[in-house]
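Please open the model in your viewer and keep a selection panel at hand.

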Amino acid sequence: MLLVNERGQVVRLGRQLTTPGGEGAIYEVLSDSSLVAKVYHSPADAQKAAKLEHQCRAGNLALTNIAAWPKGLLLAGNSSRTVRGFLMPRVKGKEIHQL
């Protein structure tokens, strides 16, 4: 699947970092090791896409210092440009259910 960012630049994914969950899976971003990509199993519906767009715009330094907050959308690289996931900072630590 070809994915692009909001500027239309291709986002190349590396290895899968998590087992697929209910919504999707997390992947390395080959062009930027400080980011990971959450890729949904299915395109986001209009409500989820609007929520993600708002989250990307609302992010600020205080928030991104404590959360892996969405930084940018991942779109289908075809004419549909549907939201297929998002980019977020790569953080190290334990999964929340292990804390």
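**First stop: a loop residue**

Select arginine 81, which counts as partly exposed at 37% relative accessibility; buried means under 20% relative accessible area, exposed over 50%, and partly exposed in between, with a 1.4 Å probe and protein chains only. Arginine 81 sits in the loop between E5 and E6, where helices (H or I, at least four residues) and strands (E, at least two) are DSSP runs numbered from the N terminus. Although arginine 81 is not a glycine, its phi is positive, at about 50°. The hairpin of E5 and E6 to which this residue belongs has 6 residues between the strands.

A note on conventions belongs here. The model is predicted, so that local features need pLDDT of at least 70 and side-chain atom pairs count only at pLDDT 80 or more, while totals for chains, interfaces and linings use all residues. Residues are numbered from 1 along each chain as its sequence is written, and side-chain values use heavy atoms, with hydrogens and water left out.

**The whole chain**

The protein has 2 helices and 6 strands, in the sequence pattern β-β-β-β-α-α-β-β. Its C-alpha trace spans about 40 × 30 × 25 Å along the principal axes. For 99 residues, a compact globule would have a radius of gyration near 13 Å, and the 13 Å of the protein agrees with this; the radius is taken over C-alpha atoms, and the globule rule is 2.2 Å times the number of residues to the power 0.38. Of the 99 residues, 33% count as buried.

**The sheet**

Colour the strands next. The 6 strands form an open sheet in the order E1-E5-E6-E4-E3-E2, with antiparallel pairing; two strands pair if DSSP finds at least two bridges between them. Strand E1 (3-4) and E2 stand at the edges with a single partner strand each, so one side of each is left without a neighbour in the sheet.

Select E6 (residues 83-89). All this strand's residues, 7 of the 7, are buried, so E6 is largely enclosed by the rest of the structure. Strand E5 (residues 72-76) pairs with E6 in the antiparallel sense over 4 bridges, and leucine 75 stands opposite valine 83 in E6. E4 is joined to E6 by 5 bridges, and the two run antiparallel. Here valine 36 has methionine 88 in E6 as its bridge partner.

Move on to E3 and E4, which also pair in the antiparallel sense, over 5 bridges. Isoleucine 26 stands opposite lysine 38 in E4.

**The salt bridges**

Show the charged side chains. The structure holds 4 salt bridges, each being a side-chain nitrogen of Lys or Arg within 4 Å of a carboxyl oxygen of Asp or Glu.

Begin with glutamate 23 and lysine 38, whose side chains meet in a salt bridge at 2.8 Å, N to O. Glutamate 23 is in the loop between E2 and E3 and lysine 38 in strand E4 (residues 35-40), so that the pair links distant parts of the chain, 15 residues apart. Which of the categories applies to lysine 38, buried or exposed? Lysine 38 is buried, with a relative accessible area of 17%, whereas glutamate 23 is partly exposed at 35%.

Glutamate 23 also meets the side chain of lysine 48 in a salt bridge (2.4 Å, N to O). Lysine 48 lies in helix H1 (residues 46-58) and glutamate 23 in the loop between E2 and E3, so this pair ties together parts that are 25 residues apart in sequence. The relative accessible area of lysine 48 is 25%, which is partly exposed.

Then centre on glutamate 28, which forms a salt bridge with arginine 15; the closest N and O atoms are 3.4 Å apart. Glutamate 28 belongs to strand E3 (residues 24-29) and arginine 15 to strand E2 (residues 13-16), so the pair ties together parts that are 13 residues apart in sequence. Glutamate 28 is buried, at 18% relative accessible area.
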